[in-house]
Amino acid sequence: MNAPLPRAYWCHADVDDGRYRLAPDGLVTTAPGPAVAWMRESVRGMTPRLDRDAFHRAWAWLGDRRSAEVAVQALRRGQLYAYELDTRAARWRWTAYPVSVLPLDCLPIESPVRSHA
């Protein structure tokens, strides 16, 4: 019988404003708690650059511990979790997806590439 693949959580941020903007680096983790913590830290790191209204909405979400618990539970059930924040300049979206991963010991081992310099 085949065992199910282990679960991991892929997190990333996107910005939709018609121009390229640098989004925070993503994360892959093996537990839902760190996935949600990454999302929250990423939002927290942005707050100094936000307009007043977006700043208050972001801090309301950050202060809502219940929403963090709901996010962790959704990820454990295999559902994605996303947080969107509209600003005057752009719409930001942080997403955590549950994904299946291959264990490293199942991957083929290749010889290291040698340089002939």
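The questions below concern a predicted model.

Biologist: How far apart are the end C-alpha atoms of helix H2?

Modeller: Helix H2 runs over residues 52–63, which is 12 residues.

Biologist: Within what arc do the buried residues of H2 fall, seen down its axis?

Modeller: The buried residues in H2 are Ala 54, Ala 58, Trp 61 and Leu 62. They line one face of the helix, because seen down the axis of H2 they fall within an arc of 100°.

Biologist: Which exposed residues are on the face of H2 turned away from its buried side?

Modeller: The buried residues of H2 pack against helix H1 (32–46), helix H3 (65–76) and strand S3 (81–86). The face turned away from that buried side carries the exposed residues Arg 52, Ala 60 and Gly 63.

Biologist: Which backbone nitrogen does a side-chain oxygen of Asp 51 reach at the start of H2?

Modeller: The contact is between a side chain and the backbone. The oxygen of Asp 51 comes to within 3.2 Å of the backbone nitrogen of Asp 53.

Biologist: What is the angle between the planes of Phe 55 and Trp 59?

Modeller: The structure holds 5 aromatic pairs. Phe 55 and Trp 59 form one that is tilted, with 6.3 Å from centre to centre. These residues are 4 apart in helix H2, so about one helical turn separates them.

Biologist: Is Phe 55 buried or partly exposed, and what is its relative accessible area?

Modeller: Buried would require under 20% relative accessible area, and exposed over 50%. Trp 59 counts as partly exposed at 36% relative accessibility. Phe 55 is also partly exposed, with a relative accessible area of 30%.

Biologist: Why does the pair of Trp 61 and Tyr 83 count as stacked?

Modeller: The ring centres of Trp 61 and Tyr 83 are 3.9 Å apart. Planes under 30 degrees apart count as stacked. The pair is therefore stacked, as its planes lie at 15°.

Biologist: Which residue has its charged end over the ring of Trp 61?

Modeller: Ring pairs link Trp 61 with Tyr 83, Trp 92 and Trp 94 into a cluster. The charged end over the ring of Trp 61 sits 5.6 Å from its centre and belongs to Arg 40.

Terms used:
Residues are numbered from 1 along each chain as its sequence is written. This is a predicted model: local features need pLDDT of at least 70, side-chain atom pairs count only at pLDDT 80 or more; totals for chains, interfaces and linings use all residues. Side-chain values use heavy atoms; hydrogens and water are left out. Helices (H or I, at least four residues) and strands (E, at least two) are DSSP runs, numbered from the N terminus. The expected span of a helix is 1.5 Å times one less than its number of residues. Buried means under 20% relative accessible area, exposed over 50%, partly exposed in between (1.4 Å probe, protein chains only). The arc is that of the directions from the helix axis to the C-beta atoms. Contact means heavy atoms within 4.5 Å. A polar contact is a pair of N or O atoms within 3.5 Å; within protein, one must be able to donate a hydrogen and the other to accept it, and residues adjacent in sequence count only if both atoms are side-chain atoms. Rings of Phe, Tyr and Trp (its six-membered ring) pair if their centres lie within 6.5 Å; planes under 30 degrees apart count as stacked, over 60 as edge-to-face and the rest as tilted. A charge sits over a ring if NZ of Lys or CZ of Arg is within 6 Å of the ring centre and within 35 degrees of the ring normal.
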